[in-house]
Amino acid sequence: MKKKVSLVLAVALVLTMLFTFASCGGGSGLKTGYYTISEMSMEGMTLTGDQLEAFGMDPSTVYIKIDGNGKGEISLAGDATELTYNDKEMIFEDDPAEYTYENDTITIEQDGAKMKFKFDPNFKG
């Protein structure tokens, strides 16, 4: 009888752990909401959001929206595109890009360019 109870408890524990990990959305830890462009680097030159605006880019048109469950959208100069993500990559327009997430900032590096998007709880898209 003790063995059956132990077995049932062990199976219940394993199932609980599996469902807990499955609901984590790939373990990315990304907050849901909007992340706006805060910095862009390419070929040794780095521009902040204010500098990008001075060059004619409207920072409000460059953002990432995280919906959760591995889905969201990215807008580059006003053209919003669906994206999917896991704990290492964001995929948009069938093109995977590695990213990191630290201090509420998503950093995407692709083709020698680096873009940083900072979580913005006040942004409405």
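This is a predicted model: local features need pLDDT of at least 70, side-chain atom pairs count only at pLDDT 80 or more; totals for chains, interfaces and linings use all residues.

Residues are numbered from 1 along each chain as its sequence is written, and side-chain values use heavy atoms, leaving out hydrogens and water.

**Aromatic rings**

The structure holds five aromatic pairs. Rings of Phe, Tyr and Trp (its six-membered ring) pair if their centres lie within 6.5 Å; planes under 30 degrees apart count as stacked, over 60 as edge-to-face and the rest as tilted. Two of the pairs are these:

| Pair | Centre to centre | Between planes | Type |
|---|---|---|---|
| Tyr34 and Tyr63 | 5.4 Å | 65 degrees | edge-to-face |
| Tyr63 and Phe123 | 5.4 Å | 50 degrees | tilted |

Tyr34 sits in strand β1 (residues 33–42) and Tyr63 in strand β3 (residues 63–68), 29 residues apart. Phe123 lies in the segment after β9 (113–119), so its pair with Tyr63 ties together parts that are 60 residues apart in sequence. Tyr34, Tyr63 and Phe123 form one aromatic cluster.

Are Tyr63 and Phe123 buried or exposed? Both Tyr63 and Phe123 are buried, where buried means under 20% relative accessible area, exposed over 50% and partly exposed in between (1.4 Å probe, protein chains only). Tyr34 counts as buried because its relative accessibility is 17%, and the value for Tyr63 is 8%.

Notes
Helices (H or I, at least four residues) and strands (E, at least two) are DSSP runs, numbered from the N terminus.
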